[in-house]
Amino acid sequence: MVKVRARVPLKVGVGSEIPAEILSFHGLQSEQEHVALIFKQADQSVNPPLVRMHSECLTGDVFHSSRCDCGEQLEETLHKMGEDGGIILYLRQEGRGIGLYNKLDAYKLQSEGMTTYEANNHLGFADDLRDFTEAAQMLKALNIDCIRLVTNNPKKIEELQAAGITLKEVIGTKAHLKDGNRNYLKAKIEHGKHRLNIEQD
């Protein structure tokens, strides 16, 4: 059985101004150190809570790379949950599960003209190797089985529902267009991996 391992208060976001708690877990099926960030005690006081599953992206989350919109989606969610409460499940699944070094190899292939999916496939990987089973386990460890999910990704919706999590509502994030990521976002839409409108600019 998955259990909460530790709960630590901290502040997060740009300028570290948003109060939150960060939780670690014991008993997840892999050795990945996934964590949950909880805002305004949403695991105890909000029903159903707002939840986002966010896969780790070093290049986007930390270095604000022009190649993706991961960091912007994370900041958008942090601010929303700082105001309204919610839970971010931060999952250690870099590069859709292929790891950081392989993701950088894929970046090189994208620079040569491949889409993000073509690059992953060329390296011998499926389109998306992420598994959201442990995200469902984390929610159940918090005694949560009904949520409002923040996502544009149908895969996340399908896997959470298959794991027994009820989705009361699905809320999309904005399209964060910038120099360098239009083709990346377009590829995700064309492959049916995301529900976005990137023509709003």
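A residue is called buried when its relative accessible area is under 20%, exposed when over 50%, and partly exposed in between (1.4 Å probe, protein chains only). Keep that scale in mind.

This is a predicted model, in which local features need a pLDDT of at least 70, side-chain atom pairs count only at pLDDT 80 or more, and totals for chains, interfaces and linings use all residues. Residues are numbered from 1 along each chain as its sequence is written, and side-chain values use heavy atoms, leaving out hydrogens and water.

Start with confidence. The pLDDT is the predictor's confidence in each residue, from 0 to 100. The protein chain averages 87, and 87% of its residues score at least 70. Helices (H or I, at least four residues) and strands (E, at least two) are DSSP runs, numbered from the N terminus. Strand 5 has the highest confidence, at 98, while helix 9 (residues 182-190) has the lowest, at a mean of 59. Over residues 197-201 the pLDDT is below 50. Where pLDDT is low, the predicted coordinates should not be read in detail.

Now the core. A nonpolar core is a set of buried Ala, Val, Leu, Ile, Met, Phe, Trp, Tyr and Cys residues joined through side-chain atoms within 4.5 Å. The largest one has 26 residues. Among those touching the most other members are Phe25, Leu89 and Leu139. Helix 7 (133-141) and helix 8 are among the elements that each supply at least two residues. Helix 7 gives the most, with five. Look at leucine 139. Leaving aside neighbours within four places in sequence, leucine 139 is in contact (heavy atoms within 4.5 Å) with Val51, Leu89, Ile144, Ile147, Leu160 and Ile165. A second, separate core of 14 residues includes Leu37 and Met81.

Next, the charges. Side chains of opposite charge can pair when their charged atoms come close. A salt bridge is a side-chain nitrogen of Lys or Arg within 4 Å of a carboxyl oxygen of Asp or Glu. The structure holds eight. In one, glutamate 56 meets arginine 92 (3.0 Å, N to O). These two link distant parts of the chain, 36 residues apart. Glutamate 56 counts as buried because its relative accessibility is 18%. Arginine 92, at 32%, counts as partly exposed.

Lysine 155 and glutamate 159 both lie in helix 8 (residues 154-162), four residues apart, about one turn. Their closest N and O atoms are 2.7 Å apart. Glutamate 159 has 22% relative accessibility, so it counts as partly exposed. Elsewhere, salt bridges that share partners join Arg7, Glu21 and Asp43 into one network.
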